[in-house]
Amino acid sequence: MIAHEDQRLGMRAGGFEISDLTSKAREYMDGDAGVGGSTIPQQLVKNICLWPGRSAIRKGLEAVMATEFSYSMSDQRILELYLNYAQFGPGLYGVCAASWYYFNTPPWFMSEYNANQLSGVLPRPAYIERAADGGIYLGPDADQLAIEKVNIAARFNPGSIAALGGWEGTVATVGITDTALDHSEDRGEDSCSTMPDSVAERLETELGQR
């Protein structure tokens, strides 16, 4: 997620680069409704505090709140919250639900390829579907822009991660020096070790309709 969404998360003071914000504001004023590229802190405050859309009011609030979040929480905590609130499909929120829904596994056992695919879901989560036998549906009738984002992430994320020093170097930028497996003995019932009931019920309904 760092490599795909915000490589400077742990290297930046504040929630975003001022130059990026002013550049996007100019593009928006010039009529470019497709301007995107929000940082992880910006996306986080949008996901938990604001509403979808690209209005100037929402972007202004987002900028203020992202700054407050960045100076009141660690980068590691921001990333943790982001992964737990991000949308990974229609009505599907959080990496725990997503990893079980698409790949039938907890996040720490996803393959590198599947993890990279999942990061590519983030730009267009409402247009992503699960394949009948598991995985992200990449068929010809899927939303092609959404699938393009997934395929690009799977193809180019490894290079971005390598440039950041491998996965260890990438997560170290936000202060993470351990792995999920280091905490395996501390996992409780709500740790995502088993499929969430909401995901199990959703799969039962969806598979029963096919």
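Biologist: Is Ser 99 buried or exposed?
Modeller: The scale is relative accessible area: buried is under 20%, exposed is over 50%, and partly exposed is in between (1.4 Å probe, protein chains only). Ser 99 has 0% relative accessibility, so its class is buried.

Biologist: What kind of model is this?
Modeller: Residues are numbered from 1 along each chain as its sequence is written, and side-chain values use heavy atoms, with hydrogens and water left out. Local features need pLDDT of at least 70, side-chain atom pairs count only at pLDDT 80 or more, and totals for chains, interfaces and linings use all residues, the model being predicted.

Biologist: In which helix does Ser 99 lie?
Modeller: Contact means heavy atoms within 4.5 Å. Neighbours within four places in sequence aside, Ser 99 is in contact with Asn 104, Thr 105, Pro 106, Pro 107 and Met 110. Helices (H or I, at least four residues) and strands (E, at least two) are DSSP runs numbered from the N terminus, and on that numbering Ser 99 lies in helix 6.

Biologist: How many helices and strands are in the chain?
Modeller: Along the sequence the pattern reads α-α-α-α-α-β-β-α-α-α-α-α. That gives ten helices and two strands.

Biologist: Is Asn 104 buried or exposed?
Modeller: Asn 104 sits in the loop between helix 6 and helix 7. Its phi is near 55°, a positive value in a residue other than glycine. At 52% relative accessibility, Asn 104 counts as exposed.

Biologist: Which two residues form a disulfide?
Modeller: A disulfide is a pair of cysteine sulfur atoms within 2.5 Å, and by this rule the count is one. With sulfur atoms 2.0 Å apart, the pair is Cys 96 and Cys 192.

Biologist: How many residues apart are Cys 96 and Cys 192?
Modeller: The torsion about the S-S bond of Cys 96 and Cys 192 is about 105°, so this disulfide is right-handed. The pair links distant parts of the chain, with Cys 96 in helix 6 and Cys 192 in the loop between helix 9 and helix 10. Their separation is 96 residues.

Biologist: What is the relative accessible area of Cys 192?
Modeller: Phi of Cys 192 is near 80°, a positive value in a residue other than glycine. Cys 96 and Cys 192 are both buried. For Cys 192 the relative accessible area is 8%.

Biologist: How many residues of helix 7 are buried?
Modeller: The buried residues of helix 7 include Asn 114, Gln 117 and Leu 118. They pack against helix 1, strand 1 (87-89), helix 6 and helix 8. Helix 7 is mostly covered, and of its ten residues the buried number is seven.

Biologist: What is the volume of the largest pocket?
Modeller: On a 1 Å grid over the protein atoms alone, a pocket is an open set of points where a 1.4 Å probe fits, with protein on both sides within 12 Å along at least five of seven lines; lining residues have an atom within 4 Å of a point. Grid points are joined across faces, edges and corners, and a volume is the space filled by probe spheres set on the points. For the largest pocket this comes to about 1600 Å³.

Biologist: How many residues of the lining of the largest pocket are charged?
Modeller: Ala, Val, Leu, Ile, Met, Phe, Trp, Tyr, Cys and Pro count as nonpolar, Asp, Glu, Lys and Arg as charged, and the others, Gly among them, as polar. Helix 1 (2-5), helix 5, helix 6, helix 7, helix 8 and helix 9 (166-172) each supply at least two residues of the lining. The lining has 19 nonpolar and ten polar residues, and the charged ones number six.
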